[in-house]
Every structure is written in C-alpha cells, then in structure tokens.
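Subject: Structure handover

Hi,

Here is the structure I promised to pass on. Please open it first, and then read my notes below.

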Amino acid sequence: MADFAMATVKRLLILLPLLLAGCAVVSEEECQAGLWYERGLQDGARGRGQSLVYEIAQRCQEYGARVDSEAWLRGHEEGVEQFCTPENGYYQGRRGNSYEGVCTGPTADLFMVEYRRGLADFQMQQEFRRLAQRHDDIERELYAVNAALAAADDEESRRILQFRRSALRRELSLLDMQLHRFGFLGFDFFY
C-alpha cells in the first residue's frame, strides 16, 4: 500500500507543473533550464507523442537554446509507462481526453480496453446531459405556452398554442422515456 501511495504522489508531482504551465508547447524559461529528462517524463506521463520533441526543439531554437532530445526521449519512455495503465486508460476516456497512441505492447491492449470503456461512459454522460437539458428547455417552453394559452383571446391563437402544447407534451414524454432508460443502466453520472 505504501508503494501505491508513493507512486501516486510521484505521479502528482510529475503532473503538477503541467497543470500550472498551460497549453504552450514550451516557454523560453523551460528551454533555458534544460531539464529535458524531466520534461520528457512529464510529457510521457501526459500521453503526448514523441513528435512533440520536434515542436519543442523548434521553439527552443527560436530562443537560442538546444534540446537534449536523447534525455527527453529517455524521460518520455518512463513517463509513457506511467501513462499506459488500465486505470489511467479509463480515467482518460472517462474525461473525453484524446489518445495519441503512445502505448505499445501488452499494456496498450489493457489501456485501450479501459480507455474505450471510459470513453463510452463519457459519451453516455454527455448524452444524458443533452437529454436532460432538452427536457428542461421543453418544460420551460410548455410553461410559457400554457401561460399564453390562458391569455389567448381569439380562437386561431388558441388552436395554434394547443397544437404547440400537444407537440411539446409528446416530445416531453419521449424524453422522459429516454431519460428513464439511463436509470435502468445504473450509471452514475455525478462522480
């Protein structure tokens, strides 16, 4: 258990600078620092492909710095090992993250099984949210149509509003059935 905790802490320490760094490929300060093994380790742990080293090298060249691509690749290889676990596969898929195909060998198969499972869960959650949002929108529109129907003073307006109310009720009933289906799946959308 202590090994698991240490591995988790190590992964968090590797990923922390990435969370703080934003989306830039590499900053001038990173180029000048020259911590290429560490950078490769971070990029690998994020599941970034090896072609990233070329983008980094181009950017650092603009800053007058040279990239030690061999050190980066050694770190990247170790980082990829941390990335390519079944647990992380599910985690990446569950969040809808893209996969750059960095895993190889038997770990790739295990990673992909869990990645696909997580991605399917993510897609189901997105569909559930879309249906729930549409359900809420229809309920609001139905409320407005009922209020307009109560205030309508001519037969033509009433007929149009009644037709719209009927269509909204049908759609709401269909959405209720679709949303009810998610309850039978036992899917937890709120973790």
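Let me start with helix H3, where Trp36, Arg39, Gly40, Leu41, Gln42, Asp43, Gly44 and Ala45 are buried. Buried here means under 20% relative accessible area, exposed means over 50%, and partly exposed lies in between, with a 1.4 Å probe and protein chains only. Helices (H or I, at least four residues) and strands (E, at least two) are DSSP runs, numbered from the N terminus. Because eight of the ten residues of H3 (residues 36-45) are buried, the rest of the structure largely encloses this helix. After H3 comes Gly47, with a positive phi near 80°.

A word on the basis of all this: the model is predicted, so local features need pLDDT of at least 70 and side-chain atom pairs count only at pLDDT 80 or more, while totals for chains, interfaces and linings use all residues. Residues are numbered from 1 along each chain as its sequence is written, and side-chain values use heavy atoms, with hydrogens and water left out.

Now the overall picture. The protein chain has eight helices and zero strands, giving the pattern α-α-α-α-α-α-α-α along the sequence. Of its 191 residues, 33% are buried. Taking contacts (heavy atoms within 4.5 Å) between residues at least 6 apart in sequence, 70% join residues at least 24 apart. The chain exposes about 12500 Å², and carbon and sulfur atoms supply 56% of that area; accessible areas come from the Shrake-Rupley method with a 1.4 Å probe, and for residues only the protein chains shown count as cover.

Next, the charged pairs. The whole structure contains twelve salt bridges, each defined as a side-chain nitrogen of Lys or Arg within 4 Å of a carboxyl oxygen of Asp or Glu. Three of them are worth a look:

- Arg164 and Glu141 meet at 2.7 Å, N to O. This pair links distant parts of the chain, with Arg164 in helix H8 (residues 155-185) and Glu141 in helix H7 (residues 105-151), 23 residues apart. Arg164 is partly exposed at 33% relative accessibility, and Glu141 is partly exposed at 29%.
- Glu30 and Arg39 meet at 3.5 Å, N to O. Glu30 is partly exposed at 30%, whereas Arg39 is buried at 9%.
- Glu155 and Arg158 have their closest N and O atoms 3.3 Å apart. They are three residues apart in helix H8, so about one helical turn separates them. Glu155 is exposed at 57%, while Arg158 is partly exposed at 27%.

Salt bridges with shared partners also join Glu30, Arg39, Asp43 and Arg46 into one network.

Finally, the rings. There are four aromatic pairs in the structure; rings of Phe, Tyr and Trp (its six-membered ring) pair if their centres lie within 6.5 Å, and planes under 30 degrees apart count as stacked, over 60 as edge-to-face and the rest as tilted. Phe83 and Phe111 form a tilted pair, 5.1 Å centre to centre with 35° between the planes. Phe83 lies in helix H5 (residues 69-83) and Phe111 in helix H7, so the pair ties together parts that are 28 residues apart in sequence. Phe83 is buried at 2% relative accessibility, and Phe111 is buried at 0%. Phe111 also forms a stacked pair with Tyr115, at 6.0 Å centre to centre and 10° between the planes. Being four residues apart in H7, Phe111 and Tyr115 are separated by about one helical turn, and Tyr115 is buried, as is Phe111. Phe83, Tyr99, Phe111 and Tyr115 form one aromatic cluster.

Best wishes
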